[in-house]
Amino acid sequence: MALKLDPRTKLFMIFIVSAVVMMSATTPLLWAVRITMTMIPILLLIAEKHYAAALRFIVLYSAALLISFKFLSENSKGFLSAFLVGYCSIIVQFMPAVITAWYVVRTTKIGEFVSAMQKMHVPDGITISLAVVMRFFPTIKEEYSSIRDAMKMRGIMFGGGNVTDVVEYRMIPLLFSCVNIGDELSAAAVTRGLGGKVKRTSVQELKMGGADYMLILMFTAALVFFVVFKYMK
Amino acid sequence: MDNNKLGAKDFITIGIFTALLFVVEFACGILGFIHPYIVASYVIMIPIVGSVPMMLFYTKIEKFGMLSIMSVLLAIIMFVTGMGYLGAPLIIAAGVIADLIAKSGGYKSFKKTVLSHGVFCLWICANYFPVIVTADSYRKNLVDGGYSTEYCDNLFRAINSKTIAVLLILCFIFGIIGAFIGKAVVKKHFEKAGIV
């Protein structure tokens with residue numbers, strides 16, 4: 001089953017999840033809301049056939065949950081346990097936002113994203129730049145790993161040598177390739193009429209479906225529920 | 001392009017450099033897990049490491065608005081990654097002011113660029129805003145959320161409403177130092193290669 005969500009729904013989800021992530025859960029009930037909210041993007045990932053990513057997120061998230069819950073009650077003294085608990089709770093804290101953001105970035109085509117932003121009347125400058133940012137993270141990762149391979153071949157490793165060398169050897173080639181890719185990207189984009197005077201049309205037809213409204217409703221309800229039970233009691 | 005409006009090429013440049021800057025910030029941010037004092041030292045690390053892409057970015061700026069848009073993007077990314085919206089006004093204000101300073105130098109004067117980078121680096125302090133503005137509830141949140149009290153004590157000793165002034169000044173100073181380093185690196189690598 002291919003569940004196609006409107007990019008606007010996805011943006012709304014990011015918005016809600018980031019808002020909830022900032023308020024920490026204090027009671028079991030709130031934890032339940034939070035965990036449910038985290039599960040939705042994971043389920044959506046499964047629906048979009050990103051099984052490996054979904055599994056990775058589930059394992060990481062539940063491991064972090066388990067560790068932080070189990071040791072939270074005990075007095076965590078000492079460097080290692082403080083470190084571990086701190087680390088896990090950061091994962092628990094920010095993982096929902098990370099999963100949602102990852103899901104949105106992975107499953108939204110740039111074309112869809114741009115036309116959704118246009119429909120919401122966001123200025124062109126922000127839309128295009130943001131679309132490039134989204135598109136660019138995987139590219140940076142790819143470029144970085146090939147640079148790392150090249151460094152390995154020359155025997156330049158992390159840890160050895162001084163810090164500035166390590167930073168310099170990695171950053172400069174990365175910047176070089178990013179600048180070049182950027183030039184190519186803008187040539188390609190201008191060829192396709194980006195930045196022209198006329199209003200662009202889009203191949204992607206955007207329509208809010210039943211699933212969209214349901215998810216928006218669910219996330220709004222979750223947010224309201226969370227705020228009410230955290231602050232009104 | 002002779003007019004003053006930003007074109008598609010400019011937007012793409014902004015996007016690329018914002019992504020690079022965020023990667024730098026993220027890499028430094030991970031180090032903050034180790035010890036809270038490292039969180040305070042972001043003001044030193046990020047301006048210096050981030051200065052290389054920033055100075056390269058400055059060489060590409062010709063029109064007003066590029067730095068401002070970048071700061072808006074940074075604010076959006078910070079919100080999405082769960083840093084909150086409290087810092088957004090500071091980020092955008094720093095971006096616009098830095099933009100105005102650089103504009104007054106015609107985006108060519110090195111002195112103005114240095115100053116502008118110093119101001120732009122103030123956005124890093126926005127990371128600390130949730131800690132300061134909502135100190136008490138934030139602390140409670142952290143402890144309830146499972147951070148060890150030790151971590152919190154250290155964090156709040158390093159960052160509070162008294163030290164924020166120092167942190168802001170440090171940001172600015174290291175932004176300026178970073179600008180010189182970044183300029184040197186850009187000169188060493190990119191100008192020789194003819195990229196700029």
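## Helix 5 of chain B

A residue counts as buried when its relative accessible area is under 20%, as exposed when it is over 50%, and as partly exposed in between, using a 1.4 Å probe and protein chains only. In this predicted model, the buried residues of helix 5 of chain B are A88(B), I91(B), A94(B), G95(B), A98(B), D99(B), I101(B) and A102(B). They pack against helix 3 (42–60), helix 4 (66–80) and helix 6 of chain B. Helices (H or I, at least four residues) and strands (E, at least two) are DSSP runs, numbered from the N terminus.

## Ground rules

Residues are numbered from 1 along each chain as its sequence is written, and chains are lettered from A and ligands numbered from 1 in the order in which they are written. Local features need pLDDT of at least 70, side-chain atom pairs count only at pLDDT 80 or more, and totals for chains, interfaces and linings use all residues, while side-chain values use heavy atoms, with hydrogens and water left out.

## Chain B as a whole

Chain B has 10 helices and zero strands. Of its 196 residues, 55% count as buried. A contact means heavy atoms within 4.5 Å. Among the contacts in chain B with a separation of 6 or more, 76% join residues 24 or more positions apart.

## The nonpolar cores

In soluble globular proteins, nonpolar side chains tend to be buried together. A nonpolar core is a set of buried Ala, Val, Leu, Ile, Met, Phe, Trp, Tyr and Cys residues joined through side-chain atoms within 4.5 Å. Which residues touch the most other members of the largest core? Of its 79 residues, they are F57(B), L67(B) and F120(B). Helix 1 (residues 8–31) of chain B gives the most to this core, with 12 residues. Another core, of 35 residues, lies apart from it and includes V17(A), F57(A), C88(A) and V104(A).

Leaving aside residues up to four places away in sequence, the contacts of F120(B) include L21(B), M54(B), L67(B) and S71(B). S71(B) is found in helix 4 of chain B and is buried, with a relative accessible area of 0%. With the sequence limit of four places applied, S71(B) touches I91(B), I92(B), G95(B) and F120(B).

## Aromatic pairs

Rings of Phe, Tyr and Trp (its six-membered ring) pair if their centres lie within 6.5 Å; planes under 30 degrees apart count as stacked, over 60 as edge-to-face and the rest as tilted. A search of the whole structure finds five such pairs over all chains. One of them joins F110(B) and F180(B) edge-to-face, at 5.5 Å centre to centre and 80 degrees between the planes. F110(B) lies in helix 6 (residues 110–120) of chain B and F180(B) in helix 10 (residues 163–193) of chain B, so this pair ties together parts that are 70 residues apart in sequence. F110(B) is partly exposed, at 30% relative accessible area, and F180(B) is partly exposed too, at 46%.
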